[in-house]
Amino acid sequence: MTHYMIVTTEYKDITVDNSLLRMFVAAPNDQSKNRYPGIILYSDIFQLTGPMVRSCVRLAGYGYVVAAPEIYHRIEPPGRAIPFDDAGRTRGLEDAGNTTAAQFDQDCRAVLDFLAQHSKVAPSKLGAAGFCIGGHLSFRAALQPDVRATVCFYGTGIHNGTLGKDADAGSLQRASDIKGELLMIFGETDPHVPKEARETIRAALQQAGARYRVKLYPAEHAFMRDEGPRYDPECTDLAFADLIHLYRSTFGESSRTIA
């Protein structure tokens, strides 16, 4: 098995809805013509913070081209990471509340198109993942017909449709549109996605005939964010291994295609 320990990172800008959307892009530092699956990786409400950037680099090191968009580019200036404090939480939630599901979907399509055209991305190998609100956004990404594998880490608002400005974006109602593999990961003590919410999600996915798994860890909300009191290193490593397993089982063990 080949491991890719060294990656390159850069910020790339695209224009969506007459607004500059900045992405953090991490990719294997490979000078050959190898090509890799492309993954859109969504942040939580704080955008591209240190923990988020480190998650991107970690994933890229396994042989993936990872693009993480600034989800509030219509509101915040390029490069703005929101602090992990009460004021930052309020700001992140307000920014979300001023962004519609349709705008999030528009951004998703633009980033997927960027990945599909990237010189290091293999044809027809697109995936998604995300944390918190990004877990919901990655669920929305799974509705795109060319997304083949998606992991939603403690996605908020999926069970009742709440997403940004939309009281009900109808995400679960569209579950039958998901053509790829889906993995839903939750913390058992997450107050934002309690047991009843998880059961609502599971029942809807079952009824829709989706190819999905739900996995629970004995952890709180945001247990994979490596700053703050809720960080659980062991559960993070196990959940990350779940992500890699799904991607490799979908895209291939070596996670690469020779051009």
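Let me begin with a definition: rings of Phe, Tyr and Trp, the last taken by its six-membered ring, are a pair if their centres lie within 6.5 Å. What you see is a predicted model, and by this criterion the structure holds nine aromatic pairs.

One of these is formed by Phe46 and Phe84. Their ring centres are 4.8 Å apart, and the planes make an angle of 75°; since planes over 60 degrees apart count as edge-to-face, the pair is assigned to that class. Which parts of the chain does this pair tie together? Phe46 belongs to the loop between strand 3 (34-42) and helix 1 (50-60), while Phe84 belongs to the loop between strand 4 (65-69) and helix 2 (86-97), so the contact links parts that are 38 residues apart in sequence. As for accessibility, Phe46 is buried, at 7%, whereas Phe84 is partly exposed, with a relative accessible area of 30%.

Aromatic residues also form a cluster, made up of Phe131, Phe153, Tyr154, Tyr217 and Phe223.

I turn now to the cysteines. How many disulfides does the structure hold? The number is zero. For Cys108, the nearest cysteine sulfur is that of Cys152, 11 Å away; a disulfide requires the sulfur atoms to be within 2.5 Å. Cys108 is buried, with 3% relative accessibility. Cys235 is likewise in no disulfide, the nearest cysteine sulfur being that of Cys132 at 17 Å, and Cys235 is buried at 6% relative accessibility.

Terms used:
Residues numbered from 1 in each chain as written. Predicted model: local features only at pLDDT ≥ 70, side-chain atom pairs only at ≥ 80, totals over all residues. Heavy atoms only, no water. Phe/Tyr/Trp six-rings, centres within 6.5 Å; stacked < 30°, edge-to-face > 60°. Helix = DSSP H or I, 4+ residues; strand = E, 2+ residues; numbered from the N terminus. Buried < 20%, exposed > 50% of the residue type's maximum accessible area, 1.4 Å probe, protein only.
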